[in-house]
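Me: I would like to go through a protein structure step by step. Could you show it and then take my questions?

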Amino acid sequence: MNPSAVSRAPHSFFESTAGDVPSPDSCTHLTGADHIASLSAALRSLDGQLDVVDRWGRLLADVLCGQDRGRLLAAGNGGSAAQAQHLTAEMVGRYRADRPPFSAICLTAETSSLTAIANDYPADELFARQVEAHGRAGDVLVLLSTSGRSPNAVTAARRAKECGLTVLAMTGPAPNPLEAVADESVCIDSPWTATVQECHLVALHLLCAAFDAAVLAEPARVAASRMGVAG
């Protein structure tokens with residue numbers, strides 16, 4: 001690797017500013033201090049969208065605890081696939097406080113469906129066909145894409161809206177195609193894929209916390225959910 005392509009670590013992280021963080025166009029590797037500085041700068045863009053994440057938590061509570069017992073679907077590619085599965089696991093299991101389980105399916109974890117669809121249909125249909133199969137009007141689809149340009153995620157968003165689902169997207173910098181088609185988006189302002197993914201994980205945990213707060217704030221809601229599980 002060309003030494004000039006690696007930025008030098010500052011004496012202290014606190015000496016870094018957003019303007020000091022190199023871009024992927026100017027280097028191929030971030031030092032530890034650069035990485036922390038990049039993350040700190042990107043988290044500031046998330047801080048300005050906390051009201052959106054809180055609103056998503058309340059929306060999920062309304063859908064998953066509602067009379068129709070709606071469902072959460074989630075998907076992403078690569079690292080975003082793992083984070084989509086992390087989100088659905090928190091819904092079916094729990095985030096912090098004990099509460100009833102809720103219906104959540106990670107479309108990227110359905111390996112037999114994925115391979116069958118990839119074998120028989122265009123690649124753009126990978127998630128869209130599953131959305132059409134599992135989604136119902138009123139359900140919620142969460143899509144994660146660090147670029148916001150993944151064709152299978154964009155196609156899934158369009159199919160979900162055709163089927164009456166609400167589409168929430170977590171992406172990298174806006175504007176991007178996924179952000180444009182989603183009902184609402186949280187966009188992380190960073191050119192670095194790893195930084196965007198790290199901020200998405202923080203946002204997912206904030207979403208889970210907001211969901212739990214909305215569910216547990218109303219004891220009747222928890223009781224009704226438990227009755228639904230028992231029934």
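**Surface, strands and cores**

Reply: The protein exposes about 11000 Å², and carbon and sulfur atoms supply 53% of that area; accessible areas come from the Shrake-Rupley method with a 1.4 Å probe, and for residues only the protein chains shown count as cover. This is a predicted model, in which local features need pLDDT of at least 70 and side-chain atom pairs count only at pLDDT 80 or more, while totals for chains, interfaces and linings use all residues. Residues are numbered from 1 along each chain as its sequence is written, and side-chain values use heavy atoms, with hydrogens and water left out.

Me: What share of the residues counts as buried?

Reply: Of the 231 residues, 46% count as buried. Buried means under 20% relative accessible area, exposed means over 50%, and partly exposed lies in between, with a 1.4 Å probe and protein chains only.

Me: How many helices and strands are there?

Reply: The protein has nine helices and five strands. These are DSSP runs numbered from the N terminus: helices are H or I with at least four residues, and strands are E with at least two.

Me: Let us take strand S3. Which way do its residues point?

Reply: Val140, Val142 and Leu144 point one way from S3, and Leu141, Leu143 and Ser145 point the other way. S3 covers residues 140-145, and six of its six residues are buried.

Me: Which strands pair with S3?

Reply: Strand S1 (residues 72-76) runs parallel to S3 and is joined to it by five bridges. Strand S4 (residues 166-171) also pairs with S3 in the parallel sense, over six bridges. Two strands pair if DSSP finds at least two bridges between them.

Me: Which residue in S4 stands opposite serine 145?

Reply: Threonine 171 does. Between S3 and S4 the chain passes through helix H6 (residues 151-162), in a right-handed β-α-β crossover. Right-handed means that, with the strands pointing away from the viewer, the path from the first strand over the helix to the second runs clockwise.

Me: Changing topic, which residues touch the most other members in the largest nonpolar core?

Reply: They are Leu64, Leu72, Leu87, Met91, Val142, Val186 and Phe211, in a core of 35 residues. The largest share of this core, nine residues, comes from H8. A nonpolar core is a set of buried Ala, Val, Leu, Ile, Met, Phe, Trp, Tyr and Cys residues joined through side-chain atoms within 4.5 Å.

Me: What else does leucine 72 contact?

Reply: Beyond its neighbours within four places in sequence, leucine 72 has contacts including Leu60, Ser103, Ala104, Ile105 and Val140. A second, separate core has 22 residues, among them Leu73, Leu114, Ile117 and Leu165.

Me: And how many aromatic pairs does a search of the whole structure find?

Reply: The search finds one aromatic pair. Rings of Phe, Tyr and Trp (its six-membered ring) pair if their centres lie within 6.5 Å; planes under 30 degrees apart count as stacked, over 60 as edge-to-face and the rest as tilted.

Me: Are these two phenylalanines buried or exposed?

Reply: Phenylalanine 102 and phenylalanine 211 are both buried.

Conventions:
Contact means heavy atoms within 4.5 Å.
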